[in-house]
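Please look over the sequence and the structure shown here before reading on.

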Amino acid sequence: MQLSQRFTDALVWATELHKMQVRKGSGVPYVAHVLGVASLALEYGANEDEAIAALLHDAIEDCGGAPIAIEIRRRFGETVTEIVEGCTDANTTPKPPWKTRKEAYIAKILSASPSVRLVSAADKLYNARSILKDYAIVGDAIWERFRGKKEGTLWYYRAIVDAFHQVETTPIVAELDRVVSQLLQF
């Protein structure tokens with residue numbers, strides 16, 4: 001598959017949207033995350049709409065809520081918008097309590113489209129790999145970066161993997177399960 005100018009436009013816009021953000025505790029520019037998620041989605045078979053949604057998967061949640069959803073729809077269409085909305089656990093400020101959001105997101109995965117599940121799994125896989133990498137550097141201090149701390153974060157990753165498995169076990173879900181199993185050893 002060859003990516004079109006639409007993908008390039010999404011890449012530029014995602015870079016602009018997240019240019020002032022950094023990853024929790026690491027100082028890594030946030031755009032590294034959206035690039036990584038898009039890369040994983042493509043490696044696991046994403047089409048162009050799914051790859052664009054991977055680039056924009058955090059835009060509604062972290063960059064402006066409903067007005068950003070409207071702009072995604074205008075620029076990239078309904079399919080991309082539906083995928084991004086499916087990957088969004090909160091589009092309001094302030095966000096609902098952490099545990100409530102995570103429980104709702106897990107429940108949403110059970111009825112999500114294959115496209116939403118692919119992009120969501122790519123997001124969770126990127127994040128789980130980042131936690132493993134950073135754990136090797138900072139040890140247990142890693143858990144202070146997360147609202148759920150160690151117990152909640154590990155619960156969430158196990159629960160989301162279980163939800164993906166309830167729907168279907170794809171290669172990306174199997175890889176996510178492998179990485180999360182490593183996290184659970186800490």
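Predicted model: local features only at pLDDT ≥ 70, side-chain atom pairs only at ≥ 80, totals over all residues.

Residues are numbered from 1 along each chain as its sequence is written, and side-chain values use heavy atoms, without hydrogens and water.

**Core**
- The largest nonpolar core has 61 residues; such a core is a set of buried Ala, Val, Leu, Ile, Met, Phe, Trp, Tyr and Cys residues joined through side-chain atoms within 4.5 Å.
- Helix α8 (residues 114-138) gives the most to this core, 11 residues; helices are DSSP runs of H or I, at least four residues, numbered from the N terminus.
- Among the residues with the most contacts inside the core is Trp143.
- Beyond four places in sequence, Trp143 touches residues including Ile131, Lys149 and Phe186, where contact means heavy atoms within 4.5 Å.

- Lys149 lies in helix α9 (residues 149-167) and has a positive phi of about 50 degrees.
- Most residues other than glycine have a negative phi.
- Lys149 counts as partly exposed because its relative accessibility is 38%, between the limits for buried (under 20%) and exposed (over 50%), with a 1.4 Å probe and protein chains only.
- Lys102, in helix α7 (residues 98-109), is buried, with a relative accessible area of 12%.
- Leaving aside neighbours within four places in sequence, Lys102 is in contact with Asp89, Trp155 and Tyr156.

Definitions and conventions. Helix = DSSP H or I, 4+ residues; strand = E, 2+ residues; numbered from the N terminus.
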